[in-house]
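Have a look at it first, then follow along.

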Amino acid sequence: MDSKQIYLRFLNLIHALDGAEHAPVMDLDAKKLLEVIAVRHAEEKPLTVTDAMALSSIASPATLHRKIDQLREIGMIDTVFEGKNRRTKYLVPTQVAHDYFAQVGDVMKQVLAHA
């Protein structure tokens, strides 16, 4: 199977995962934002709300603010404080997000196993 076919199979399986009955409903901007939040958290450099709102490559600040609220409402992210500083909120993925990424990882394994 060539690279293009592998990628298209991956997309097909991801779309099936996203269309599943209990899948979180996220648009592309929300998904991109979640990915950035998760990567930065994994690097132990969590994003602040202000940092997230400055991600102009994803969307405008107003749109990003709405996406943060949406991700929080569907349980994908949470805001936390570090130490005694109660002014700076950090965005962190929840267990729901970790479970979602595990499912995506399983889809990647499935595609690669049949490559």
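Before anything else, I wrote down how elements are named: helices (H or I, at least four residues) and strands (E, at least two) are DSSP runs, numbered from the N terminus. This is a predicted model, in which local features need pLDDT of at least 70 and side-chain atom pairs count only at pLDDT 80 or more, while totals for chains, interfaces and linings use all residues. Residues are numbered from 1 along each chain as its sequence is written, and side-chain values use heavy atoms, with hydrogens and water left out.

**Entry 1**

I started at Pro46, which I found in the loop between helix H2 (28-42) and strand E1 (47-48). Is Pro46 buried or exposed? My cut-offs are these: buried means under 20% relative accessible area, exposed over 50%, and partly exposed in between (1.4 Å probe, protein chains only). Pro46 has a relative accessible area of 18%, so it is buried.

Next I listed its contacts, where contact means heavy atoms within 4.5 Å. Not counting residues up to four places away in sequence, Pro46 touches Arg40, His41, Asp51, Glu82, Tyr90 and Leu91. I also checked Asp27, which is 19 residues from Pro46 along the chain; their C-alpha atoms are separated by 22 Å.

Glu44 sits in that loop between H2 and E1 too. My reminder to myself: most residues other than glycine have a negative phi. Glu44 has a relative accessible area of 71%, so I noted it as exposed.

Ala42 belongs to helix H2, and at 64% relative accessibility Ala42 counts as exposed. I looked up Pro93 as well: it is 51 residues from Ala42 in sequence, yet the two are 9.5 Å apart in space, C-alpha to C-alpha.

**Entry 1: Thr48**

Thr48 lies in strand E1. Its relative accessibility is 12%, so Thr48 counts as buried. Which residues does Thr48 contact, leaving aside its neighbours within four places in sequence? I found Thr88, Lys89, Tyr90 and Leu91.

**Entry 2: the whole chain**

Then I stepped back. The protein chain has five helices and three strands, and from the N terminus on they run α-α-β-α-α-β-β-α. Along its principal axes the C-alpha trace spans about 50 × 25 × 25 Å. Of the 115 residues, 31% count as buried. Among contacts between residues at least 6 apart in sequence, 57% join residues at least 24 apart.

**Entry 3: the core**

I looked for a nonpolar core, meaning a set of buried Ala, Val, Leu, Ile, Met, Phe, Trp, Tyr and Cys residues joined through side-chain atoms within 4.5 Å. The largest one has 25 residues, and those with the most contacts inside it are Met26, Leu33, Leu34, Leu71, Met76 and Ile77. Helix H1 (3-18), H2, helix H4 (61-73) and helix H5 (95-113) each supply at least two residues of this core. H5 gives the largest share, five residues.

Apart from neighbours within four places in sequence, Leu34 is in contact with Met26, Leu71, Met76, Ile77, Ala97 and Phe101.

Axes here are lines fitted to C-alpha atoms, for helices over the stretch in contact, and angles run from 0 to 180 degrees between N-to-C directions. Angles under 35 degrees count as roughly parallel, over 145 as roughly antiparallel, 65 to 115 as roughly perpendicular and the rest as oblique.

H2 and H5 pack at an angle of about 100°, with their axes 12 Å apart. That makes H2 roughly perpendicular to H5. Here Lys31, Leu34, Glu35 and Ala38 in H2 meet Ala97, Tyr100 and Phe101 in H5.

For H2 and H4 I noted an angle of about 75° and axes 9 Å apart. These helices are therefore roughly perpendicular to each other. Asp29, Ala30, Leu33 and Leu34 of H2 make this contact with Thr63, Leu64, Lys67, Ile68 and Leu71 of H4.
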